[in-house]
Amino acid sequence: MNFEIEELAWRACGLSDAEFEAKAKLGEDVEELLCETFGIGGDQFEQIVKALVKFVPPRESALTNTKYQGFADVELNRYIYKEEMK
């Protein structure tokens with residue numbers, strides 16, 4: 001699981017930014033929390049994310065004019081996970 005998917009998993013399980021950063025620094029694995037919260041593993045979560053991202057409205061990058069779809073942290077105005085539209 002790549003870092004972006006892992007961050008999204010932590011957040012989907014209800015962790016705050018501070019909690020996520022602390023666990024990431026400690027190298028803790030999100031697999032156990034995903035199993036406890038949703039009854040799935042990391043690979044399954046990644047498959048779900050990649051299937052659902054297609055339903056997110058696209059946004060265009062102001063710098064590159066590239067269109068992306070993804071899950072964002074609205075308060076920080078940045079994507080947690082994104083894919084370039086094809």
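The following dialogue explains how several terms apply to this predicted model.

User: Why is glutamate 7 called buried?
Analyst: Buried requires a relative accessible area under 20%. Glutamate 7 has 4% relative accessibility, so glutamate 7 counts as buried.

User: What makes the contact of glutamate 7 with arginine 78 a salt bridge?
Analyst: The closest N and O atoms of glutamate 7 and arginine 78 are 2.6 Å apart. A salt bridge needs such a nitrogen within 4 Å of a carboxyl oxygen, so the pair qualifies. The pair also links distant parts of the chain, with glutamate 7 in helix H1 and arginine 78 in strand E3, 71 residues apart.

User: Why is arginine 78 called partly exposed?
Analyst: Partly exposed lies between the limits for buried, under 20%, and exposed, over 50%. Arginine 78 has 33% relative accessibility, and therefore counts as partly exposed.

User: Why are glutamate 7 and arginine 11 separated by about one helical turn?
Analyst: Both residues belong to helix H1, residues 3–12, and they are separated by about one turn because they are four residues apart.

User: What joins arginine 11 to aspartate 73?
Analyst: Their side chains meet in a salt bridge of 2.9 Å, N to O. Arginine 11 lies in helix H1 and aspartate 73 in strand E2, 62 residues apart. Aspartate 73 counts as buried because its relative accessibility is 8%, and the limit for buried is under 20%. Together, Glu7, Arg11, Asp73 and Arg78 are linked in a network of salt bridges.

User: How do you know that strands E2 and E3 pair?
Analyst: Pairing calls for at least two bridges between the strands. Six bridges join E2, residues 67–73, to E3, residues 78–84, and the strands run antiparallel. The bridge partner of aspartate 73 is arginine 78, in E3.

User: What makes the link between serine 61 and threonine 64 a polar contact?
Analyst: The side chains of serine 61 and threonine 64 are joined at 3.2 Å, and the cut-off for a polar contact is within 3.5 Å. The side chain of serine 61 also reaches the backbone nitrogen of leucine 63 at 3.3 Å. Serine 61 lies in the loop between strands E1 and E2, and counts as buried because its relative accessibility is 18%.

User: How do you know that the charge of lysine 82 lies over the ring of tyrosine 68?
Analyst: The charged end of lysine 82 sits over that ring, 4.2 Å from its centre. The distance limit is within 6 Å of the ring centre.

Terms used: Residues numbered from 1 in each chain as written. Predicted model: local features only at pLDDT ≥ 70, side-chain atom pairs only at ≥ 80, totals over all residues. Heavy atoms only, no water. Helix = DSSP H or I, 4+ residues; strand = E, 2+ residues; numbered from the N terminus. Lys NZ or Arg CZ within 6 Å of the ring centre and 35° of its normal. Buried < 20%, exposed > 50% of the residue type's maximum accessible area, 1.4 Å probe, protein only. Polar contact = N/O pair within 3.5 Å; in protein donor to acceptor, adjacent residues only side chain to side chain.
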